[in-house]
Structures are given as C-alpha cells and as structure tokens.
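Keep the sequence and the model side by side.

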Amino acid sequence: MPEYLPTAPYRGTRDFLPAEMSVRTQVFDHLYEALERFGYLRYDGPILESAEIYERKSGQEIADQQLYTLTDRGGRRLALRPEMTPSVARMIAGNAGSLNFPVRWYSHPNCHRYERPQRGRVREHWQINADIFGSDSANCEIEMFELIHALLGSVGATEDMFLVRANDRNLLGSALTDLVGVSAEQLGQVFGLVDRWEKYDKDKLAEQAAEIGLADKQFERLGDVLSAGTALLDELPAPVKEASNLVKVLESEAASLVRFDPMIVRGLAYYTSTVFEVFDTSPENNRALFGGGRYSDLAGMFTSQQIQGIGFGMGDVTLMDFLDTHGLTPKPRSEVDVVVIPVAGELAGPARQVAAELRKAGLRSSTPLELRKLGKELSRADRAGARAVVIVGQEDWDAGNVTVRSLADREQQTVALGGAAAAVRALLD
C-alpha cells in the first residue's frame with residue numbers, strides 16, 4: 001500500500017472551500033468599498049521581509065516567540081511577515097520623496113505567527129490594515145474612529161454590538177509616574193502588566209507587580225488609576241493633556257465614537273501615544289476584535305525623516321467570530337444564476353453560445369461539461385443553487401428559440417433567443 005500524505009493543512013492554517021471563500025469575499029468586498037469611500041488606496045508588499053525589522057520594532061513577544069524565520073542561500077535572515085505595519089513603514093520611507101503627504105493606504109495581507117491555535121488565534125491569518133502617514137493632527141485619530149464605525153457598519157454591525165476603547169501611552173505614563181510612583185526603569189514592565197490586567201486574576205497580577213518591584217500600596221493605587229475612567233484626566237498635569245490628540249478627540253464632537261480607558265496599552269513596541277482596541281459587547285464573545293494606534297518614529301528605521309503614522313489591523317479570525325456571534329455572516333453565493341442545458345451532444349456548441357450571451361447580460365451562467373439525461377442535469381443545476389435553466393432543444397434552436405424554466409416552481413416558457421436574458425432576469429428578480 002502506498003503511504004499517502006496527510007490531507008489536513010499545517011496546524012494553525014486553514015483551507016477555504018468555495019462556500020467559505022464566497023462568504024469571505026462578500027465580507028471583505030464590503031470592507032474594501034468602505035475604505036475606498038474614505039479615500040484609502042490599496043497597496044501590497046512581499047510576504048518575506050528582513051527579520052530585523054520585526055525584531056527591532058514589533059515587540060518581544062512577536063520577535064522572540066512568534067516569528068517564522070529562515071536563512072536564504074545568501075545568508076540573509078528573513079521572516080514571514082507577522083504583521084504589515086513595519087513593511088508599510090519601509091515602503092513609505094523608501095518612496096517619501098514622491099508621495100503627497102498625508103497619505104491614506106490600506107492592504108489585506110496574509111500574515112504568519114507561531115501561536116498556540118485557539119479561538120480567535122491561528123498561525124496564519126488575513127488582516128485589513130488601514131494607515132494614515134504624514135500628519136500628527138488629531139483629525140487622524142477622529143478619522144480612524146469614524147472609519148472603524150463605518151467598516152463594521154458596512155458588514156451589518158450596529159453601534160451597540162461593539163465598543164472602541166482608547167488610551168494615550170503618554171497619559172498613562174504620566175499617571176504611572178506621577179500618581180503611582182513608578183520609576184522610569186520600571187515603566188516598560190508596568191506597561192506590560194497593564195496590558196495583562198484584564199486577562200489575569202488579582203493575585204497573579206499582584207505577584208507580577210512585586211516581581212517588577214512595586215510595593216503593595218503602589219499596586220493598589222495602580223488598580224485605582226486603571227479603573228478611574230475619564231476621571232483620571234482630572235488628576236494629570238495640564239501640559240500632558242494639552243499635548244494629547246486623544247484628549248482633543250474626547251473634547252470634540254467625535255467623543256461619542258470612543259471611550260477613554262486607561263487599561264488599553266497594546267503590546268506592540270512601536271506605538272508612541274494614542275492606542276485603541278475594538279471590543280465585541282456580546283457576552284458570548286466578550287473579547288478584543290482588533291486594534292491599533294499612533295507611531296511617531298516607525299519610519300525612522302529606514303530614514304532620518306520623521307514621518308508620523310496612525311493605523312490599525314483588523315484580523316479575519318476575530319472578525320468572522322464577531323459576525324457569527326451577531327448573526328451577520330452572509331450566506332455563500334450559489335455557483336451560478338442559470339445553467340444552459342443542451343438535450344443532445346450536437347447542441348453543446350449552441351448551448352455555449354446562449355451561455356455567452358447570458359454572461360454578457362451580467363448573469364452567471366454555465367453549461368454541462370458532460371452529457372447527461374435532462375432530469376439529472378436539472379437536479380445538478382438545483383444543487384448548484386441555480387434558480388433557472390435554459391434548455392436548448394433541436395426543434396427550438398432551429399426556430400431561433402430556447403426554453404426558460406424556473407427551478408422554484410417548474411414553470412417554463414419558450415422565448416426567442418434574443419429574449420432569453422430578459423426572461424431569466426425576470427425569474428431572478
């Protein structure tokens with residue numbers, strides 16, 4: 001017996017059969033349309049990048065634990081991209097002289113991370129990325145929040161289904177140093193502790209705080225700071241608040257789009273001020289869906305020119321879970337709208353001619369690849385999701401006619417060849 005290879009994909013990756021691919025295509029087409037209504041232009045880049053750009057800027061978790069790396073025959077260390085932001089920063093830096101800043105770009109890359117597969121996390125995912133480069137205006141933050149609402153609205157979500165929670169790392173840094181007494185040396189570790197605050201129980205958080213060097217009173221004060229909400233802003237120095245784009249958003253007409261939350265930090269190392277995450281409000285899927293933030297110096301890996309940026313990445317796994325949770329997942333499209341069936345082998349050519357005319361009229365049309373009895377072809381067309389068939393018989397064809405039949409009620413009519421498209425369209429409408 002031959003030894004067959006396994007049919008399952010590599011663990012943490014997924015096969016998408018046509019029905020599921022149809023669902024994904026419908027969802028992402030809505031997202032593309034919404035992005036382009038805001039003026040975002042689509043770009044793409046290589047799936048292989050220098051490993052160094054992730055090791056320098058993506059953060060320790062990605063660089064040390066999740067990066068797929070390889071060495072090519074020239075001795076260069078490469079990585080499968082785990083995210084798109086360092087790549088787009090490279091592209092922006094490399095083409096800065098020809099770009100009309102600020103620019104709005106979006107992409108839909110395939111990304112890879114060596115993670116433990118679980119709900120919401122796999123090793124290969126697709127991600128909608130949207131970024132603005134070349135402006136430090138608070139209008140960028142406002143547009144990001146408007147865009148998030150528009151994107152989720154485009155796939156059927158209502159405002160009560162999700163919540164945008166936002167913070168400013170500079171505001172949090174001020175709170176940690178001025179109110180909690182965290183030292184400059186401890187600040188990075190405490191940021192990491194805050195990022196885990198909602199994931200661990202209090203005893204484990206206290207243990208980790210002690211390992212960082214926080215006293216019990218500091219730990220309790222940290223809890224008060226993180227649960228203070230907008231009241232925390234009243235305790236912070238005026239210069240810190242005046243420099244914050246997020247505070248400007250909260251004081252604008254766009255304040256209703258977002259909730260200030262000191263617990264939002266984001267784990268990626270390149271965020272420098274505004275950070276945000278979008279949460280599902282359903283108790284059945286109470287988790288972060290996606291997030292992003294502002295990065296003031298990410299392009300600095302590639303150029304001396306400082307290019308401000310802000311953006312987010314929306315992964316397909318959590319998005320599809322969100323749609324499933326709220327009953328928003330579209331149904332797969334049928335294979336075709338109409339099947340053109342010849343009743344004899346010598347009519348295969350005429351059937352193809354009819355199908356070609358139907359396609360010109362915008363109807364998804366196919367013809368049988370093998371000759372079968374009419375009853376079997378009708379059954380196959382029904383299983384394919386077609387709502388109508390066009391039957392090509394010799395006598396009708398000689399007279400310039402075809403038979404159009406509804407698969408729903410089995411009613412049929414003979415029409416002139418030139419009227420076949422209109423007759424089929426009437427059955428579909």
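The largest nonpolar core holds 67 residues. Those with the most contacts inside it are Leu31, Phe145, Leu152, Leu222, Phe276 and Phe312. A nonpolar core here is a set of buried Ala, Val, Leu, Ile, Met, Phe, Trp, Tyr and Cys residues joined through side-chain atoms within 4.5 Å. Buried means under 20% relative accessible area, with exposed over 50% and partly exposed in between (1.4 Å probe, protein chains only). Helix 5 (residues 138–154) gives this core its largest share, eight residues. Apart from this core lies another, of 28 residues, including Ala51, Phe133, Tyr271 and Ala299.

The model is predicted: local features need pLDDT of at least 70, side-chain atom pairs count only at pLDDT 80 or more, and totals for chains, interfaces and linings use all residues. Residues are numbered from 1 along each chain as its sequence is written, and side-chain values use heavy atoms, with hydrogens and water left out.

Now take Leu31. Leaving aside residues up to four places away in sequence, Leu31 touches Ile128, Leu151, Ser154, Val155, Met314 and Leu319. Contact means heavy atoms within 4.5 Å.

In helix 1, Arg24, Val27, Phe28 and Leu31 meet Asp316, Leu319, Met320 and Leu323 of helix 12. Helices are DSSP runs (H or I, at least four residues), numbered from the N terminus. The axes of helix 1 (residues 18–37) and helix 12 (residues 316–325) come within 12 Å and cross at roughly 100 degrees. Helix 1 is therefore roughly perpendicular to helix 12, a term for angles of 65 to 115 degrees. Axes are lines fitted to C-alpha atoms over the stretch in contact, and angles run from 0 to 180 degrees between N-to-C directions. The contact residues divide into six nonpolar, no polar and two charged.

How many of the 10 residues of helix 12 are buried? Eight are, so helix 12 is largely enclosed by the rest of the structure. Among them are Asp316, Thr318, Asp321 and Phe322. Just after helix 12, Gly327 takes a positive phi of about 65 degrees.

A second pair is helix 6 (residues 169–180) with helix 7 (residues 187–195). Their axes lie 11 Å apart, at an angle of about 110 degrees. Helix 6 and helix 7 are therefore roughly perpendicular too. Arg169, Leu172, Gly173, Leu176 and Thr177 in helix 6 meet Leu187, Val190, Phe191 and Val194 in helix 7.

Technical notes. Helices (H or I, at least four residues) and strands (E, at least two) are DSSP runs, numbered from the N terminus. Angles under 35 degrees count as roughly parallel, over 145 as roughly antiparallel, 65 to 115 as roughly perpendicular and the rest as oblique. Ala, Val, Leu, Ile, Met, Phe, Trp, Tyr, Cys and Pro count as nonpolar, Asp, Glu, Lys and Arg as charged, and the others, Gly among them, as polar.
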